[in-house]
Amino acid sequence: MNIPPYPANNKRKQIKQIEEMRLVKNRIVWGLLAGIIGGIAGALILWGSWLLPALGLLLTRVDIVNGASAMLAFGAVGGVIYALVMRDRRLRFVHTILAGLILGFLFWFLGVLILIPMMLGFPPQLANPLDHWMPLLAFSIYGLIVALLYSRWALRQPAYRTYIAIGLLIISAILTPVMLRGAVSTRPQDLELPEGFRAEVVAKGLTFPTTMLLDEEENIYIAEAGFAYGPKTTVARVLRVKKNGSIEEVARDFEGPINGLALQENKLYVSHRGKITELDLESKERRDLVEDLPSLGDHHNNDLIFGADGALYFGQGTATNTGVVGSDNFIYAWADRYPDFHDLPSRSFRLTGENYEALDLGTPDPTDTRTTGAFAPFGQTREEGEQVERTVPASGVIHRLDLETERLSIYADGLRNPYGLALGPDGTIYATNLGYDDRGERAVKGSPDWIVKITRGAWYGWPDYAGEVPLSDERFASERGINRNPLIDIPPAVEPPLAELPTHYSPMKLAWAPEGFDVQGLFVAVFGDGQPLTEDLDEQVPTGVIIVDPESGEYEWFIKNKDKPRAGRWGDGFKRVIDVKFDKEGQSMYVLDFGVMEFTDFSPNAIPRSGVLWRIEPATEEEERPGGFLPWRREDRRRDPRDKVKEPGEKKEEPAPGEPGEPGDPEPEEPAPPPAEPVEPPPAEPPPAEPEEPEPEEPAPPVQPVEPEPEENALPEEPAPEAPVNGQPVVPVDPEPEPEPEEPAVPGEPAVPEEPAEPQTARTGNRRKLPSRRAFL
């Protein structure tokens, strides 16, 4: 016979269950509160490192509000989990600290290295985990605060634990502005200068400076871009550094980024996002010469110069990495804001019909995908044989603006990001062109960067070629993308670049050395890599200035840091060199340093007020000019023909015993006595006393232009749409060379047009592959 339990026992059990439920609720509440406070500390650290906005993509888009919301949500969940695991375990102080560090480490390892990358479309970041040290710091402080506050509030342990947690929160708040701004230190001793040169700081404390120019009075105009990749923005303005060192603001409130300045008479021309604006320096009146340029994507309208014909030329970057809008463009914070934006074709192309499936990071569902084709908005596909018509303006081109007629045309195209422009002594335009990144569904690994000699009507290969090599070549194979099959059927002939630089050198602005400068050649500012966002590299790329031989394309470092590739927030020397210019006489070189630009984790991080303007000039007239072998010095032009320029990666040859080394190497104080018997020189070497022919100091006389025959699919043959620019019809440049103006605005003769290359044959078949569900990076 079953005897029912005593009512008192049931009541005690019920009371015990209610008490346990109350304790569980209390633990959850205290854990939730501790997690939110710890999340605030973690958000402050991630804000200071500028990683917080990218975290917002887990909700809707990249910005600080969504990033902070995501971090607080993670913090609250972590606090509840900690409370349920720890329950009423009263740990010693040391064990509590250890438990907090374990919590932070697990959140960092499982969240930052695995789950968050996968939700954003990245593979797990396990190859180089210490690249993500800033989130490790943030989550470690978060875990400590959670453990300390929970032990005090839920378990009634000593009150000093609360004080320590509050101290960690205050430290996080103090670190935020320190990390956002960073200390700026500059020591010329940290620069590796050519012998006989000295460096000094002209101005510092600049915020995102991108370009500069010198006027006739040697005043220096500097553009503070007002934008750095990601959602970080400041005031876009133009400053003037006077010869006496004072700095004044010329104009502000442009559309950042400002990427180019040009000066003619008393008018300043500004290339800022989507526009080319003319500014009268006396009246301060502005007039937009060009509007609605395709600059809402990855790259923008860039540098601008006056050509020998008096027209204004400017570069226009592409919207995407390789012609297809994908998941990576959500990371660059524009695909969700401008869903209809895409690359605009510079020619009428027939497409192969290649399409790519990508994660749609614009929706809360992390599994949503859409399929996209070339030159199309995100989610729009293309068919095999489909024709896309050219537009003016277009993506990835050099535009030409006739200031008299205000007509815009395309001068050359197929350039992924022509960032810097320079005018050669003969009127030829030279440009820097940044290569592909290892990101997106059409990722390209190991792409070089280039220096390009611009030829009228030439196509330089984007989006299907890297230089003259097809992207389908195995050397560009990447695990981050789907495939690199051609997008264009029957592409135009590819114009080769002048110089090929190693992967992610990121050449920026460039300038020709005046005759008065001791070293002759084309000087190029090197910004350095953006790893791991653009590609994982074994070593950092240095920043500084290289010199390029305009004939052979060979190059050599002119200035860089001594001890490390790039100076960080508290380092000395160059941070990120972005522009180089010379004064009129060629006595001084000016180097513009953008400042600290980090690419930690998944978001670019530019530090305000870390930009610097340097001046490089000869130390004294009596000292020897640049040491080391620089083949373009005027006095070195008749060098020993056995000497050659050092190739990239080539080891320097040691001189044989008894032979003197290169300039700058240790030599005996007294020259060695001549041999007893004359030594006959090799046949290939002319006698020193009787050189065959001296190097001419003046340029050769101009050659009459040769009119090229029209090419079947050349750029000028395509009719331009008659889209008005400021009320004027927009037409392309006539395929025939324009007559020289009687009085060109810029001295020097225009370049001789080159003969067009034969068009390439059609590709056999369409090597189309169905897209996989692989992450884009």
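Is D253 buried or exposed? D253 is exposed, with a relative accessible area of 57%, where exposed means over 50%, buried under 20% and partly exposed in between, for a 1.4 Å probe and protein chains only.

Before moving on, note that this is a predicted model, in which local features need pLDDT of at least 70 and side-chain atom pairs count only at pLDDT 80 or more, while totals for chains, interfaces and linings use all residues. Residues are numbered from 1 along each chain as its sequence is written, and side-chain values use heavy atoms, with hydrogens and water left out.

**Stop 1: two backbone angles**

Stay on D253, which sits in the loop between strand 6 (247-252) and strand 7 (258-264). Strands (E, at least two residues) and helices (H or I, at least four) are DSSP runs, numbered from the N terminus. The phi angle of D253 is near 65 degrees, a positive value in a residue other than glycine. Most residues other than glycine have a negative phi, and most peptide bonds are trans.

Next select D292, in the loop between strand 10 and strand 11 (301-306). Its phi is also positive, near 60 degrees. D292 is exposed, at a relative accessible area of 71%.

**Stop 2: two cis peptide bonds**

Select V392 and P393, which are joined by a cis peptide bond with omega of about 5 degrees. P393 belongs to the loop between strand 16 (387-388) and strand 17.

Then go to W462 and P463. The peptide bond from W462 to P463 is cis, and omega is near 10 degrees. P463 is found in the loop between strand 21 (449-453) and strand 22 (465-466).

**Stop 3: salt bridges**

How many salt bridges does a search of the whole structure find? The search finds 29, counting a side-chain nitrogen of Lys or Arg within 4 Å of a carboxyl oxygen of Asp or Glu.

Show the side chains of E406 and R287, which meet in a salt bridge at 2.5 Å, N to O. This pair links distant parts of the chain, 119 residues apart: E406 is in the loop between strand 17 (397-402) and strand 18 (407-413), and R287 is in strand 10 (residues 286-290). E406 is buried, with a relative accessible area of 14%, whereas R287 is partly exposed, at 38%.

Now select D489 and R350, a salt bridge in which the closest N and O atoms are 3.1 Å apart. Here too distant parts of the chain are linked, with D489 in strand 24 (residues 488-489) and R350 in strand 13 (residues 349-351), 139 residues apart. R350 is partly exposed, with a relative accessible area of 34%.

The next pair is R439 and D437, whose side chains meet in a salt bridge at 2.9 Å, N to O. R439 counts as buried because its relative accessibility is 2%, and D437 is buried as well, at 7%.

**Stop 4: a buried glutamate**

Select E535, in the loop between strand 27 (522-526) and strand 28 (544-548). E535 counts as buried, at 4% relative accessibility.

**Stop 5: the largest cavity**

Which residues are the closest to the centre of the largest cavity? Of the 32 residues that line this cavity, they are Y229, N417, L434, M508 and F527. A cavity is a set of points, on a 1 Å grid over the protein atoms alone, where a 1.4 Å probe fits but cannot get out, and lining residues have an atom within 4 Å of a point. The volume of the largest cavity is about 550 Å³, taken as the space filled by probe spheres set on the points, which are joined across faces, edges and corners. The lining divides into 14 nonpolar, 12 polar and six charged residues; Ala, Val, Leu, Ile, Met, Phe, Trp, Tyr, Cys and Pro count as nonpolar, Asp, Glu, Lys and Arg as charged, and the others, Gly among them, as polar.

Methods
1 Å grid on protein atoms, 1.4 Å probe; cavity = no way out; pocket = protein on both sides within 12 Å on 5 of 7 lines; lining within 4 Å.
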